[in-house]
Amino acid sequence: MEEKISNYKQEEPGEEQKKIFWGNGKKVLLVVAAVAIAFVVGRYTAGFGGSDDSIITKAVMQKAEAIQQVIEKLYLEEENVQDVQEGIYKGMVNALGDPYSVYYTKEEYEAFQESYIGEYCGIGASLLQNADTGLITIVKTFKGSPAQEAGLKTDDILYKVEGEEVTGEDLSEVVAKVKGKEGTTVNITIMRGSEEIDLELVRKTISVPTVEYEMLDNNMGYIIISEFDEITTSQWTEAYEALKQQGMTSLIVDLRNNPGGGLNVVAEILDSILPEGTIVYHEDKNGQREEYKSDEEHKIEVPLAVLVNDNSASASEIFAGAVKDYGIGTLVGTTTFGKGIVQQMVSLGDGSAMKVTISKYYTPSGVCIHGTGIEPDIQVEFDAEAYEKDESDNQLQKAIEVLSQE
């Protein structure tokens with residue numbers, strides 16, 4: 001995940017309430033709000049007891065009541081009822097053991113929605129969490145942001161926020177801690193190798209430039225997509241059309257360190273370059289399939305190369321997988337992250353929400369890349385030392401070389 005999370009919402013039909021996401025995140029059930037509140041405030045009534053095969057059985061409710069009585073009688077400090085309630089909801093979701101399903105408090109959900117729109121107040125760093133180790137790393141800093149000005153680098157580990165270790169915490173909660181009102185400070189600790197670095201950053205409003213572009217030598221277009229957010233489609237269209245008008249004869253799309261975003265966004269972008277056919281499809285536990293297709297109206301007419309690495313995840317992998325399956329471009333770099341499952345955001349009606357894993361996705365040829373990632377056509381390890389020395393990018397140079405030969 002990132003300081004811009006990447007996942008979304010449903011309630012019952014309405015378009016606005018049915019957004020599906022493909023980013024990285026953390027841990028799900030639903031019809032629990034009223035019951036869980038009854039647990040916490042000690043208002044159990046026999047009428048709330050569920051059936052024997054339900055999660056919320058009478059025995060569970062009675063045990064929760066017993067725990068509440070112990071707290072009321074013996075707990076030394078004063079109980080914060082709201083915190084305990086939120087803890088129950090988070091606990092139900094965390095207990096699934098799914099690193100991509102998560103419960104959001106009202107405040108966390110508001111922060112998520114804000115960041116998905118493309119503008120938020122924070123430090124300007126994109127974060128990614130390893131589902132196995134729980135480590136949170138910096139994958140990108142935005143130009144002119146507090147994070148960039150403080151010297152944060154790709155692969156720095158975010159170790160602490162305000163003196164508290166955040167490894168293993170849900171990424172959305174860590175993001176909420178890092179964000180705040182403009183002009184306020186946040187203290188973070190990063191690990192760079194074995195070095196522990198303490199930093200105090202002043203938050204500012206960040207307008208996220210998810211797409212950057214330029215024309216390289218020999219009329220070779222170069223587009224960097226850092227995330228797939230709501231604003232990305234229009235930014236992509238602007239970049240793609242501008243390069244075509246400038247006489248672009250080949251194109252490099254850079255998806256390195258792109259942690260993902262919205263399915264609808266990446267599907268719209270792919271529709272502008274793919275021939276007619278399937279972009280991606282996903283299937284739920286009942287075998288129900290939803291398919292996204294490209295039409296015959298647009299397709300790329302110039303040679304294409306796509307840069308990927310092990311931080312290219314979810315929506316980035318949908319892009320890379322479609323390009324590879326249709327054979328319209330060459331993938332250059334290293335094997336992608338390997339996230340082939342879909343999350344959906346469910347609004348719980350009181351401002352809170354829940355992101356839950358609902359299905360697996362498949363590339364056009366029917367491959368699920370979850371846990372394995374996508375192998376590039378040309379494997380090139382990034383030369384970090386050379387980049388540190390003079391900003392020479394050997395992966396980009398390889399992509400340029402490939403297109404120069406076509």
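**Chat: a hairpin, a crossover and a helix**

Q: Which strands form a hairpin, and what is in the turn?
A: β11 and β12 form one, with three residues between them. In the turn, Asn218 has a positive phi of about 60 degrees. Strands here are DSSP E runs of at least two residues, helices are H or I runs of at least four, both numbered from the N terminus. The model is predicted: local features need pLDDT of at least 70, side-chain atom pairs 80 or more, while totals for chains, interfaces and linings use all residues. Residues are numbered from 1 along each chain as its sequence is written, and side-chain values use heavy atoms, without hydrogens and water.

Q: In what sense do β11 and β12 pair?
A: Antiparallel, over six bridges. Pairing takes at least two DSSP bridges between two strands. Glu212 has Ile224 in β12 as its bridge partner.

Q: How many bridges join β12 to β13?
A: Five, and these strands run parallel. Ile223 stands opposite Val253 in β13.

Q: How does the chain cross from β12 to β13?
A: Through helix α7, residues 232-245, in a right-handed β-α-β crossover. Right-handed means that, with the strands pointing away from the viewer, the path from the first strand over the helix to the second runs clockwise.

Q: Why is β12 largely enclosed?
A: Because five of its six residues are buried. Buried means under 20% relative accessible area, with a 1.4 Å probe and protein chains only; exposed is over 50%, partly exposed in between.

Q: New topic. Which residues of α3 are buried?
A: Gln85, Glu86, Tyr89, Lys90, Met92 and Val93. They cover an arc of only 155 degrees around the axis, so they lie on the same side of α3. That arc uses directions from the helix axis to the C-beta atoms.
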